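These are notes for a colleague who has not worked with this structure before. Please read them with the coordinates open.

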Amino acid sequence: MSRILLTGASSGIGEAAALLLAKHHQVVATVRTPEARAILVEAAADAGVSLDVVLVDVTDGGGVQGVVADLEVTGGIDVLVHNAGTGYVGTLEQLEFSALREAMEVNFFGAAQMVQAVLPQMRAKGSGKVIVVSSIGGAVGQPFNDAYCAAKFAVEGLLESLHPVAASVGISISIVEPGPVATKFIANLQGLDEVLSGDPNDPYASAKANYMARLGSPERMAGMQTSMDVAEVLVDIVNSAAPKLRYQTSQWSTDFVATKLSDLDGTAVTQMTGAWVAD
Ligand SMILES: NC(=O)c1ccc[n+]([C@@H]2O[C@H](COP(=O)([O-])OP(=O)(O)OC[C@H]3O[C@@H](n4cnc5c(N)ncnc54)[C@H](OP(=O)(O)O)[C@@H]3O)[C@@H](O)[C@H]2O)c1
């Protein structure tokens with residue numbers, strides 16, 4: 001049984017993973033509000049599992065350090081599953097710079113802060129697993145996802161760089177790349193109102209409409225997963241004796257990311273995503 005710290009457990013992938021992992025492991029799940037904590041504690045009771053739930057906003061450095069320090073004195077952390085994240089839509093010309101900074105703050109600095117906080121105690125023990133939920137958007141830049149993909153690319157660069165050095169002190173690093181997952185993520189997207197505004201004078205109106213239409217297309221829906229599908233992948237990584245650096249969560253996601261990895265001059269990705277916004 002491992003002791004797992006899992007962030008972003010109020011809904012979606014994080015909630016499903018917390019409840020699933022708690023069947024066989026000791027899970028400390030993080031949410032941001034007392035209301036979310038009460039709901040998660042009730043969900044755990046309904047599922048017949050035991051879960052510790054603590055409050056933390058991953059952009060709050062002091063809060064992150066405090067939670068990790070508290071866990072160190074009560075037995076330490078064997079596994080970090082960092083899942084908290086938020087989507088942002090908008091094209092660079094129309095993005096408020098504050099939104100770009102916020103996307104980095106939550107998705108990149110939040111991840112960097114959580115991982116940095118757990119490293120000292122894992123290094124001291126000579127073992128530990130760090131698992132971070134990125135996205136296929138951490139591998140392939142996608143129209144109107146400029147801020148989100150920039151942040152997830154940054155996460156992937158950080159962790160890919162860290163991975164051999166962490167391994168030298170016994171810590172594995174794994175990056176998880178889901179494709180579309182049916183969660184509140186789309187409803188929670190920042191900037192969605194602007195993209196949906198339908199302003200006829202917007203020079204990007206047609207590209208936006210075409211992009212939004214693709215979100216419900218059969219091609220994309222074929223890749224749709226449930227939170228539980230992704231939670232099962234996270235469980236497999238937690239239980240793996242030798243976790244890999246990168247996991248896609250479905251064959252659809254693997255095929256999508258493969259477009260990029262075999263595309264040394266960018267032609268294939270440009271053809272694919274260009275078609276999403278073209279008339
Ligand atoms: N759904 C998809 O299609 C998809 C695809 C690829 C990757 N992902 C990634 O999967 C992860 C989970 O997303 P999801 O789909 O399960 O969406 P979700 O249901 O919206 O869950 C996001 C979680 O992150 C938490 N969170 C957001 N900002 C936070 C902050 N500053 N501090 C602490 N927690 C914060 C949310 O807490 P609150 O309830 O307090 O906001 C929530 O628990 C994210 O990293 C996302 O980028 C999702």
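1. The largest nonpolar core has 67 residues, and those that touch the most other members are Leu 6, Ala 17, Ala 18, Ala 29, Leu 80, Val 118 and Val 132. Such a core is a set of buried Ala, Val, Leu, Ile, Met, Phe, Trp, Tyr and Cys residues joined through C-beta atoms within 7 Å. A residue is buried if 20 or more other C-beta atoms lie within 10 Å of its own, exposed if 12 or fewer, and partly exposed in between, with C-beta atoms placed from the backbone. H4 contributes nine residues to this core, the most of any element. In soluble globular proteins, nonpolar side chains tend to be buried together.

2. The model is predicted: local features need pLDDT of at least 70, side-chain atom pairs count only at pLDDT 80 or more, and totals for chains, interfaces and linings use all residues. Residue numbers start from 1 along each chain as its sequence is written.

3. What does Ala 29 touch, not counting residues up to four places away in sequence? Its partners are Leu 6, Ala 9, Ala 18, Leu 40, Leu 51 and Val 53. Contact here means that the C-beta atoms of two residues, placed from the backbone, lie within 7 Å.

4. As to the overall fold, the chain has eleven helices and seven strands. Both are DSSP runs numbered from the N terminus, helices being H or I of at least four residues and strands E of at least two. The radius of gyration of the chain is 19 Å, which agrees with the value near 19 Å that a compact globule of 279 residues would have. That radius is taken over C-alpha atoms, and the globule rule is 2.2 Å times the number of residues to the power 0.38. Along the principal axes, the C-alpha atoms fill a box of roughly 60 × 40 × 35 Å. Of the 279 residues, 40% count as buried. Among contacts between residues at least 6 apart in sequence, 73% join residues at least 24 apart.

5. Strand E2 (residues 26-31) is largely enclosed by the rest of the structure, because five of its six residues are buried. Strand E1 (residues 3-6) runs parallel to E2 and is joined to it by four bridges; two strands pair if DSSP finds at least two bridges between them. One of the bridge pairs is Arg 3 with Gln 26 in E2.

6. Strand E5 (128-133) is largely enclosed too, since six of its six residues are buried. Gly 128, Val 130 and Val 132 point one way from E5, while Lys 129, Ile 131 and Val 133 point the other way. Four bridges join E5 to strand E4 (residues 79-82), and the two run parallel. His 82 stands opposite Val 132 in E5.

7. Leaving out residues up to four places away in sequence, Val 54 touches Val 28, Thr 30 and Val 67. Thr 7 is 47 residues from Val 54 along the chain, and their C-alpha atoms are separated by 9.5 Å.

8. Phe 144 deserves a look at its backbone: phi is near 65 degrees, a positive value in a residue other than glycine. Phe 144 sits in the loop between strand E5 and H5, and counts as buried because it has 26 C-beta neighbours inside 10 Å.

9. His 163 belongs to helix H5 (residues 146-167) and is partly exposed, with 18 other C-beta atoms within 10 Å. Beyond its neighbours within four places in sequence, His 163 is in contact with Ile 173 and Leu 245. The C-alpha atoms of His 163 and Ile 173 are 5.5 Å apart.

10. Ser 172 lies in strand E6 (residues 171-177). Ser 172 counts as buried, because 21 C-beta neighbours lie inside 10 Å. Setting aside neighbours within four places in sequence, the contacts of Ser 172 are Lys 129, Val 130, Ala 167 and Pro 243.

11. The ligand is surrounded by 28 residues, and the closest are Gly 8, Gly 12, Ala 84, Gly 85 and Phe 185. A residue is near the molecule if its C-beta atom, placed from the backbone, lies within 6 Å of it. Helix H1 (12-21) and helix H4 (97-125) are the elements that give two or more residues to this shell. H1 provides the largest share, three residues.
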